[in-house]
Amino acid sequence: MVVIGGDGTLHEAINGLQSISSQTPIAYLSAGTGNDFNRAVKIQTEPEPFLDSLINSKESGQLEIIKYTSLKDGSINYAVNSLGFGFDSLIVHLSSTKSSKALLNKIGLSKLSYLHHVVEAFKLHSKFSMTVIENGKAHNFDKIILASVTNHPYLGSGIKLDPLSSQNNHEIGLVIAHHINLPVFLRLLTKLIKNASHLECTDNVKRLGSDKFEIVLRDPQYMQVDGEDKEKDCYHIECELTRQAFWFTY
């Protein structure tokens, strides 16, 4: 299967194949606006080299993806890049409902679109509480503005939210920002945009790494999955790594 599109298209294709337990490998040619997956994996982006690589490939490899299970209703879904709650998901919710996204994407300023909604989301966001269970140990966080489960560094058209993550490193990252006031937010945003050193500049940003997390939200929040907007809810999910057959077209 050859998938041509953006991160959302790849997300839909992988969820479709995983839902029927298909072992069909995917080859992916990025043609979207964000293309965070391609930034992380660094596969071919030009049609002719992509086809040459695909034709000459002898066998497919395995791509690590995030499997997340609702512990409320048992439903199972998959994320290729990330899933998140709070500030992150509010940005996606705002960008999916605002006409400015289409205009900025059309003129090649998708990152500017994301940063515009970062500012808007800071004005509108509500803090929340969450429990994370990692290897049997519970971590409790309050006054959270962002919690993002990551499979590689990038979010929002090239924003390097989790510089410690990388694709196929057998680990899920979890970045949590809590007790953030305006001065701290502005300092973090500057570090994030400049050189992705935001994890080092304050104790208000926590990064966990594991192959499995259980996440319990105690306040309703929107959720985003690979940049797709999900409804507001008190989510209770388990995240773990699984694999998708994939043609790596280098």
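C239 counts as buried, at 0% relative accessibility (buried means under 20% relative accessible area, exposed over 50%, partly exposed in between, with a 1.4 Å probe and protein chains only). Before going on, keep in mind that this is a predicted model, where local features need pLDDT of at least 70, side-chain atom pairs count only at pLDDT 80 or more, and totals for chains, interfaces and linings use all residues. Residues are numbered from 1 along each chain as its sequence is written, and side-chain values use heavy atoms, with hydrogens and water left out.

So what about sulfur bridges? A disulfide is a covalent bond between the sulfur atoms of two cysteines; here the working cut-off is a pair of cysteine sulfur atoms within 2.5 Å. By that test the structure has zero disulfides. C234 is in none, as its nearest cysteine sulfur, in C239, sits 16 Å away. That distance is too far for a bond.

Strands (E, at least two residues) and helices (H or I, at least four) are DSSP runs, numbered from the N terminus. Leaving aside neighbours within four places in sequence, M130 is in contact (heavy atoms within 4.5 Å) with residues including F141, I144, I176 and I215.

Now follow β15 (residues 236–247) over to β2: the two pair in the parallel sense over two bridges, and I26 stands opposite F246. Pairing takes at least two DSSP bridges between the strands. On its other pairing, β2 runs parallel to β1 (residues 2–5) over four bridges, with A27 as the bridge partner of V2. Together with helix α1 (residues 7–19), β1 and β2 make a right-handed β-α-β unit: with the strands pointing away from the viewer, the path from the first strand over the helix to the second runs clockwise.

How many residues of β2 are buried? Five of five, across residues 26–30. In a regular strand the side chains alternate between the two faces of the sheet. In β2, I26, Y28 and S30 on one side and A27 and L29 on the other are all buried.
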